[in-house]
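Dear colleague,

I am handing over the structure below, together with notes on what was found in it. Please read the notes alongside the model.

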Amino acid sequence: MVVFAGSPEWRCGKINGRLRSLYKIIVKHGIPTIFLGIGTGYSFNYYKMWDINKKVLKDSKLITCRDEYTYNALQGKLDNDNLYYMPCPALYSSSFEKEIKKVKKIGLIFGTDKTVENNKINSNTYKFLLNTYEQLINNYDCEIVCHYIDEVPEACRLFKDVNIHYSYDSKDYLDIYKKFDIVIGPRVHGIGISASMGIPGILIAHDMRGNTGKGFMAKIITDDKPYEQINGEIENILNNIQYYNNQLITHKYKYKKEYIKLLNNCFE
């Protein structure tokens, strides 16, 4: 069996065709497939996808989409009932959940417009992020989290008096994020790993991947929103933290049962 998990490269084409050889092997040998939490960073047309891609999708035992766009783009086109709109499986990246009774510390996920493609945010979001974080740091106990090595020097320059976290090893981010009670930022991965621990998130959406945040029950904002609106979202979570914490944990286990049921059906 071949399991596609998360990566936008599940869809091979002129832009991202590195999996074409894998698709050929799947078709040649009739290998069963499952697609878990697939999504997209930009729009696509199902009818313009390569035939080999469409064939594997149609024959797949299970497809779960982490964003509404991908689900809607595939819905009604696969001639099977194996397509579902579900939270990204990153919701299960943590084996434990945190009980939060009071908000003590907020994690701010850093991003910049000065790094390589697919690791950067656009300039408008970057300006919005800097202005927002400056005000949040003045009003709350905050620390900065970087996900990409090239972000670290800039974060250190901009936030001299704030603790900054980074690791080259993804497994270290469980320990990094578990110290926070709310997480804010443009990285879907940071919002997701936090949600898995029951930590509420506010996602600063800067491309189509932001829609994935709905599966993490995150509040989604864009760079055209005033600081007062963001602060209002934070205050709402602050004042109802136990509710949001419990809601996330309930959400996590509700969909875990759904995932297990769907996966079991694949092997009946």
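How many aromatic pairs does the count come to? The count comes to eleven aromatic pairs, where rings of Phe, Tyr and Trp (its six-membered ring) pair if their centres lie within 6.5 Å, and planes under 30 degrees apart count as stacked, over 60 as edge-to-face and the rest as tilted. One of them is formed by W10 and F44, which are edge-to-face at 5.8 Å centre to centre with 80 degrees between the planes. Because W10 lies in the loop between β1 and α1 while F44 lies in the loop between β2 and α2 (51-59), this pair ties together parts that are 34 residues apart in sequence.

Some notes on conventions: this is a predicted model, in which local features need pLDDT of at least 70 and side-chain atom pairs count only at pLDDT 80 or more, whereas totals for chains, interfaces and linings use all residues. Residues are numbered from 1 along each chain as its sequence is written, and side-chain values use heavy atoms, with hydrogens and water left out. Helices (H or I, at least four residues) and strands (E, at least two) are DSSP runs, numbered from the N terminus.

Turning to the sheets, an open sheet of four strands has the order β1-β2-β3-β4 with parallel pairing, two strands being paired if DSSP finds at least two bridges between them. At its edges stand β1 (2-5) and β4 (83-85), each with a single partner strand, so one side of each is left without a neighbour in the sheet. Four bridges join β1 to the parallel strand β2 (residues 33-38), and F4 stands opposite F35 in β2. Helix α1 (residues 20-29) lies across β1 and β2, running at about 145 degrees to β1; contact means heavy atoms within 4.5 Å, and axes are lines fitted to C-alpha atoms, for helices over the stretch in contact, with angles from 0 to 180 degrees between N-to-C directions.

A further open sheet, of six strands, has the order β7-β6-β5-β8-β9-β10, also with parallel pairing, and its edge strands β7 (164-165) and β10 (219-221) each pair on one side only. Within this sheet, three bridges join β5 (residues 106-109) to β8 (residues 182-185), and L108 has I184 in β8 as its bridge partner.

Best regards
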